[in-house]
Amino acid sequence: MVVRVLEVEDLTHAYGDAPPVLSSIDLEVKPGELVSIVGPSGCGKSTLLRCIAGLQAPTEGRVRLDGKPVERVPDNLAVVFQDYSRSLFPWMSVRDNVALPLRRRGMNRAQRHENALKALESVGLPDAAAKYPWQLSGGMQQRVSIARALAYGPEFLIMDEPFGSVDAQTREDLEDLLLRVRGNSGMTILLVTHDIDESVYVGDRVVVLSKGPARVRADLSVGLPTVRDQITTRELPEFVHLRAEVGRLVRGREAADEPKS
Amino acid sequence: MTNRAQVVRGAIGVAGVVAVAELVSRAGLADRTTLPPASTVLLRAAEFFGDTEFLTAVGSTLEAWVLGLLLATVVAVAVGVALSTTPWLNRATRVLVEFMRPIPSVALIPLAIVSFSSITESKVSLVFYSACWPILINTLYALRDVDPLAKETLRSFGFGKAAVLLRVSLPSAAPFVATGVRISAAVGLVVVVSFELVAGNGEGIGGYLSQTQSGGGRPDLMLAGAIWAGVLGALINVGLVALERRAFRWHTVRTEASA
């Protein structure tokens, strides 16, 4: 029997009487997998993540984590949001931001601080603990959000366009940080992005969604070596081929297949 | 403009007004007994530092003001939290709030006189009433405008409603609540001095001011007392602004950066 950590079955969601944004989504994620979800902007990717994370109840369908239905936010799950400047609390130091969720783990103050510092070190920010989030650059702030999720020690990590608000160089650094963290922790990761290259570069699988309402258009496995590199991985024929295929699927097959005049 | 230049310009402005007032009085443009020379008024104001009677009056005014303001802060924040977390309560009280809020507090002085036996009680109640509104309104709007993503972040780590209120909503509303307290502080001072003028029976700064008008009248003492009231108001405002900047540096830095 195949072990599945996450099962999404026939998930449909509509806001009020509006037409559905998600339609009959089926998705399975195995333990330790990193699945990229990519789709055109505004296709309902964030709604899907919110339903999976238990932040929102879907109109229809089921989400199960480790075989148990998700009715509220599961204890072994953490979310990293795109907008770090709103998701980090400006009135708290970086250390306190990272340590706050650890209250849910029943740790005392000293343990929370120790774990927060370890997590900050693991994302390359050993000296930022005493600073405030708004004193850091955007990329560093998103590292703090990642550290906060890591310190919490989840088995399942959900990332909603986590690198969408940083510059290209920082984005590559953060992608490599994610791969490194994932290699060390063995977490199962679901990452939503609208960046086609990114979905292939970080993913074991790429799930392509269609727009209005979102359905699973394709589910492609990424046959790239586990150890990836921003330069060499991106020139492999498999990478080039996959990114073209994902690109066609995202933009709509018909449009992309038309011969250019 | 630098801070220092601002202070210098401000001082020049004040000195200019004092000089004009002095000239008007000395040149006989105004009756000297009605408008004593500015130097005399300032001298009387300085002499108040050694005047126990006057200092007791100031203490009485400040006491009622501080008590009323503290009570209002506690009650208005608590009511604000209760209203914003209970939608039906919020809807049910909206009309009441909108009706009560615009009533000028000084219009309630007669009611305060008949409702309470002691002058201090009346003063505290009146300050409390008038100070409640700005704090309540600011609390309500600040809690309504808390960033939903900040709340969602805490929820995503499995925290419940109470934790979200305590750890996200209240801290992010705090700077706006503090602004409400500062507005209320100014309103409260006006209200307490007004009450004392009308019904203070000689108590407080207002009571002192009304006494200076009895008998032959002492415009110099009256004006000196008014200067004290003005300086007190200004000092309170400066003090509260400084406290806000210190306590909510994260807020000041962010709003200045986006401005």
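Helix axes here are lines fitted to C-alpha atoms, for helices over the stretch in contact, and angles run from 0 to 180 degrees between N-to-C directions. The model is predicted: local features need pLDDT of at least 70, side-chain atom pairs count only at pLDDT 80 or more, and totals for chains, interfaces and linings use all residues. Residues are numbered from 1 along each chain as its sequence is written, and chains are lettered from A and ligands numbered from 1 in the order in which they are written.

**Helix pair in chain B**

- Helix α3 (residues 52–85) and helix α4 (residues 87–100) of chain B pack at about 115°, with axes 5 Å apart.
- On α3(B), the contact uses Ala82(B), Leu83(B) and Ser84(B); on α4(B), it uses Leu89(B), Asn90(B) and Thr93(B). Contact means C-beta atoms, placed from the backbone, within 7 Å.
- These contact residues of α3(B) and α4(B) are three nonpolar, three polar and no charged. Nonpolar covers Ala, Val, Leu, Ile, Met, Phe, Trp, Tyr, Cys and Pro; charged covers Asp, Glu, Lys and Arg; the others, Gly among them, are polar.

**Chain A overall**

- Chain A has nine helices and ten strands. These are DSSP runs numbered from the N terminus: helices are H or I, at least four residues, and strands are E, at least two.
- The radius of gyration of chain A is 19 Å, close to the 18 Å of the globule rule for 261 residues, so chain A is as compact as a globular protein of that length. The radius is taken over C-alpha atoms, and the rule is 2.2 Å times the number of residues to the power 0.38.
- Buried residues are 42% of the 261 in chain A. Buried means 20 or more other C-beta atoms within 10 Å of the residue's own, exposed 12 or fewer, and partly exposed in between, with C-beta atoms placed from the backbone.

**Helix α6 of chain A**

- Leu174(A), Glu175(A) and Leu178(A) are buried in α6(A). Seen down the axis, the buried residues of α6(A) fall within an arc of 105°, so they line one face. The arc is that of the directions from the helix axis to the C-beta atoms.
- The buried residues of α6(A) pack against α5 (138–151) and α7 (196–202) of chain A.
- Gln169(A), Gly183(A) and Asn184(A) are exposed on the face turned away from the buried side of α6(A).

**Loop residue Leu236(A)**

- Leu236(A) sits in the loop between β10 (216–221) and α8 (237–251) of chain A.
- Leu236(A) is partly exposed, with 15 other C-beta atoms within 10 Å.

Key. Two residues are in contact if their C-beta atoms, placed from the backbone, lie within 7 Å.
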